[in-house]
Amino acid sequence: MAKLLALGALLAALAGLRAAEAWSAVVEHRGSMRGTTDARTLDRDMGAAMGEALGCGGQVDEAHLRALERKLAPMWRTLAKNAEGNIDRRSLRYLVHRHFNRESA
């Protein structure tokens, strides 16, 4: 499960996403009291909720994350990217699918 969490964190970072950024617009738009929550707290809470939903949790150490980045880097470099340097959802899905096929084979 730690591998799944590490891969999710890496892919989110590669796609230019942060939980706090993704949800801040939703929280502010709703105008709820949660709009005053700072980004760090929201990021921590979103990570905990995703960990529970996925049946995993805990922290991923930097060494494991760097090893995963090294494994995915060659394929990442070959994928088409937009003006911001991000890949589209289909490419991301392909990258994850291929990684897990290789890891579980």
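A nonpolar core is a set of buried Ala, Val, Leu, Ile, Met, Phe, Trp, Tyr and Cys residues joined through side-chain atoms within 4.5 Å, where buried means under 20% relative accessible area, exposed means over 50%, and partly exposed lies in between, for a 1.4 Å probe with protein chains only. The structure is a predicted model, in which local features need a pLDDT of at least 70 and side-chain atom pairs count only at pLDDT 80 or more, while totals for chains, interfaces and linings use all residues. Residues are numbered from 1 along each chain as its sequence is written, and side-chain values use heavy atoms, with hydrogens and water left out.

Let us begin with the chain as a whole. It has 5 helices and 0 strands, so that, read from the N terminus, its elements run α-α-α-α-α; here helices (H or I, at least four residues) and strands (E, at least two) are DSSP runs, numbered from the N terminus. Of the 105 residues in the chain, 21% are buried. The accessible surface comes to about 7800 Å², and 56% of this belongs to carbon and sulfur atoms, the areas being computed by the Shrake-Rupley method with a 1.4 Å probe, where for residues only the protein chains shown count as cover. If we take the contacts (heavy atoms within 4.5 Å) between residues at least 6 apart in sequence, 63% of them join residues at least 24 apart.

Which residues make up the largest nonpolar core? This core has 7 residues in all, namely Leu-68, Leu-72, Met-75, Trp-76, Leu-79, Ile-87 and Leu-95. Helix H4, which covers residues 62–78, gives the largest share of this core, with 4 residues.

One member of the core, Leu-95, also belongs to the buried residues of helix H5, which are Ser-91, Leu-95 and His-99. H5 has 16 residues and reaches 22 Å from its first C-alpha to its last, close to the 22 Å expected at 1.5 Å a residue, the expected span being 1.5 Å times one less than the number of residues.

We can now turn to the charged side chains. Side chains of opposite charge can pair when their charged atoms come close. A search of the whole structure finds 4 salt bridges, each being a side-chain nitrogen of Lys or Arg within 4 Å of a carboxyl oxygen of Asp or Glu.

One of them joins Lys-71 and Glu-103, with 3.0 Å from N to O. Because Lys-71 lies in helix H4 and Glu-103 in helix H5 (residues 89–104), this pair ties together parts that are 32 residues apart in sequence. Lys-71 is exposed, at 51% relative accessible area, whereas Glu-103 is partly exposed, at 34%.

Another salt bridge, at 2.7 Å from N to O, joins Arg-66 and Glu-69, which are 3 residues apart in helix H4 and therefore separated by about one helical turn. Arg-66 is partly exposed at 37%, and Glu-69 is also partly exposed at 28%. Together with Glu-62, these residues are linked in a network of salt bridges. Finally, Asp-45 and Arg-44 meet in a salt bridge of 3.3 Å, N to O, in which Asp-45 is partly exposed at 39% and Arg-44 is exposed at 55%.
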